[in-house]
Amino acid sequence: MAELVTMVFTDLVSSTAVKQQMPGRDLAERNAHFFNDILQPHRQRVEETLPGAHGRVVSTQGDGYFLVFTDLLQAVRWCVDLLRDHQARPIPSPLGNVQVKIALHVGSPLLDGDNFIGHEVDYAARIGALCHGDQILVSETVAALLRDAHPADLSLHAHGGHALKGVGTVPIFELLYDGRAPLPLKSEKTPTVELPPLPESVVGREAMLEQLLTAVERGGLVVLRGEGGMGKTTLALTVAHRLAEHVPVAWLWGEQSPSLEDCLRDVALAWFGDPHAHLSVEACQQRIHQHAEETRALLVLDNFETVAADTGLQRWLMTFRGKGRVLVTTREVPPSLRGTIMPVHELTNAEAVQLFCDRLQVYGGPLPSDPKVVQELCQMVGNAPLAVELLAGRAARLPLSRLLQRLQTSLRVLDSGGDPSRPERHQSASACFEVSYATLSSAAQKLLTHLAVWPDGIGLEALHTLKGEEDWDEAAEELVSASVWRLEGERYEVHPMVRQFALEALGPDQRQVMHDAISAMARIAQAKAARLVDSTSTSVAVAFAWFDEEWTNLLYAIDQASKMSDCDLVVALAESVTEYWKPRGLARDMEEVYAQVLAARRRQGDAAGEAATLGHLADVCEELERPEEAGEYMRQALAAKT
């Protein structure tokens, strides 16, 4: 027969918010202060007094305890004494004195080694979710046994029936002592919500987080829009956890493709502890809206793009007005979804480096001795928060130089190793973008992959020429809508991570697609170069503007053509910029270009071309004020001619 025990759950109130406000320069220091100044003194009070009350620790989770006692009255006395001790000798925190909440239930849970499991344990834990600070709540069983024991200095207050998730509706009682008045239960104002874990860091997003909190506080619909991996979920979770201390919060996963009815039932379950299955969809919707208005509740729908086509769900979200609050994270915003739209982009490089170092310490890795390597790593992933965090996880186990080498060939190095705390789309950088890519039309997928060649995006003129007369407008609109491309003025830009994902998606076709794109760019550049010697000033200005816009792409094209050993393409591209580089003062760039051209000429066995290129290198050195090297190149040029 199972042993009858008194189960006690204790927890510190608002510990997450307290940790965020603790002094310290970073997460590690704040956690250390919380541990030393708050958690350790509390643990000492709990654990030193347990043996005298015939109690023991079953398990701990964070700052919470699961305890068992062999005697109910001793357990009750111990709980009261613990709260009295905290009131007599308060532990200060940035948010006021630390408060403890306690729940008790008597039952016969299943013994599993030194642990207890089963329905009775769940029952006791669910009661704890109803507690405020300095409050002791007990089950009906505990209340009945206490009535039989008649403790003179204790009393019970009946709070009536309350819904406990997974348990049902049960009577809840409050244990009162020292003439205390009963408090309302947490479920009457802030029902318990099973949110995903609070992110450990919002490095680089502090200002945006405050803007987001302000926008959400105003009420109505707020939309976080951005590419995958930009940290939308982290921002939304941080806001949700902060508000969950004061108002009801419901979190919905868009990737589970919930229907409108699914959403209504899940919100009702989160806010009321009951899915309201007995109500019609309309009645449930009305009840949720009423509650949202009365309590200023928050509904969060993460990864909305996966259900963006559900017009009924869209219409429902749009009905939240006034005090009701909805926060949506999405890569794509349908035109009909109107609200406060906040774009979420990558971090600055300095913020990304700070995040990398912050997370590296959490993962137990040594801080890098060369900050330039970290800067380069972060730049390679476009300073995207998710990628930087994944990088830090790998950097704790791999040398940075090896990470840099592997990252140049594949995004697959950015893998969390199956971290169960992350959604599947956040397990790796590639998985993050697969969500968006899979929902694109075939035309949009082709446009993305075929133009991912260009590291600096693509201008309209080059896009039109490269794609010919085919109709690419709708595909381009689709890419922008899905946050895969960005339209900046007259130019489409792509995040480095999206670009690398698209290149990898080409598979064995990558080399041919790249060669075709570079060849087409060379033809455009040659046509523009002819205008640089045109007598019409307007024509020259237009050509210069085009080269200004595509310069980064042209340098990349020359480098890739050189790696492909396509000598003709290297030469053609270099010749197209001969009249452009000197007026723009680009001698340093051209030194590398002409070095590649020289190697190509020598592979071709073109002595005349080699001599001409050596002359160009001499010209470059003159521009860089290196006369001795210029003279040496001229001597080599003369030798090549003979």
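This note goes through selected residues, contacts and aromatic pairs of a predicted model.

1. Basis. The model is predicted: local features need pLDDT of at least 70, side-chain atom pairs count only at pLDDT 80 or more, and totals for chains, interfaces and linings use all residues. Residues are numbered from 1 along each chain as its sequence is written, and side-chain values use heavy atoms, with hydrogens and water left out.

2. T329. This residue sits in strand β13 (residues 325–330). Helices (H or I, at least four residues) and strands (E, at least two) are DSSP runs, numbered from the N terminus. T329 counts as buried because its relative accessibility is 1%. Buried means under 20% relative accessible area, exposed over 50%, and partly exposed in between (1.4 Å probe, protein chains only). Leaving aside residues up to four places away in sequence, T329 touches L224, K232, A236, L301, D302, N303, F304 and E305. Contact here means heavy atoms within 4.5 Å.

3. T329 and N303. A polar atom of the T329 side chain lies 2.9 Å from the backbone nitrogen of N303. For reference, a polar contact is a pair of N or O atoms within 3.5 Å; within protein, one must be able to donate a hydrogen and the other to accept it, and residues adjacent in sequence count only if both atoms are side-chain atoms. N303 is in the loop between β12 (298–302) and α10 (311–318). N303 counts as buried, because its relative accessibility is 3%. Its phi is near 65°, a positive value in a residue other than glycine.

4. H54. Here too phi is positive, at about 55°, although H54 is not a glycine. H54 lies in the loop between α2 (27–49) and β2 (55–61). Is H54 buried or partly exposed? H54 is partly exposed, with a relative accessible area of 47%.

5. N31. This residue is found in helix α2. N31 is partly exposed, with a relative accessible area of 34%. N31 and V18 are 13 residues apart in sequence, and their C-alpha atoms are 10.0 Å apart in space.

6. A240. Helix α7 (residues 232–244) holds A240. At 0% relative accessibility, A240 counts as buried. A240 touches L195, V249, W251, L298 and V300, not counting residues up to four places away in sequence. A240 and L198 are 42 residues apart in sequence and 8.8 Å apart in space, C-alpha to C-alpha.

7. H495. The loop between β17 (491–494) and α19 holds H495. H495 is buried, with a relative accessible area of 3%. A polar atom of its side chain lies 3.0 Å from the backbone oxygen of G382. H495 touches E227, M230, E346, V381, G382, A384 and R486, again not counting residues up to four places away in sequence.

8. Helices α19 and α20. Two packed helices are described by the angle between their axes and the distance between the axes. Helix α19 (residues 496–506) packs against helix α20 (residues 510–532) at about 115°, with the axes 7 Å apart. L503, E504 and L506 of α19 meet Q510, V513 and M514 of α20. By class, this contact has four nonpolar, one polar and one charged residues. In this scheme, Ala, Val, Leu, Ile, Met, Phe, Trp, Tyr, Cys and Pro count as nonpolar, Asp, Glu, Lys and Arg as charged, and the others, Gly among them, as polar.

9. Aromatic pairs. How many aromatic pairs does a search of the whole structure find? The search finds ten. Rings of Phe, Tyr and Trp (its six-membered ring) pair if their centres lie within 6.5 Å; planes under 30 degrees apart count as stacked, over 60 as edge-to-face and the rest as tilted. F9 and F66 are stacked, at 4.6 Å centre to centre with 5° between the planes. This pair links distant parts of the chain: F9 is in strand β1 (residues 5–12) and F66 in strand β3 (residues 64–69), 57 residues apart. Both F9 and F66 are buried.

10. W551 and Y580. These ring centres are 5.2 Å apart with planes at 50°, so the pair is tilted. W551 lies in helix α21 (residues 537–563) and Y580 in the loop between α22 (567–576) and α23 (587–604), so the pair ties together parts 29 residues apart in sequence. W551 and Y580 are both buried. They belong to one aromatic cluster, formed by F544, W546, F547, W551 and Y580.

11. R499 and Y556. R499 lies over the face of Y556, at 5.0 Å from the ring centre. A charge sits over a ring if NZ of Lys or CZ of Arg is within 6 Å of the ring centre and within 35 degrees of the ring normal.

Definitions and conventions:
Axes fitted to C-alpha atoms, helices over the stretch in contact; angles between N-to-C directions.
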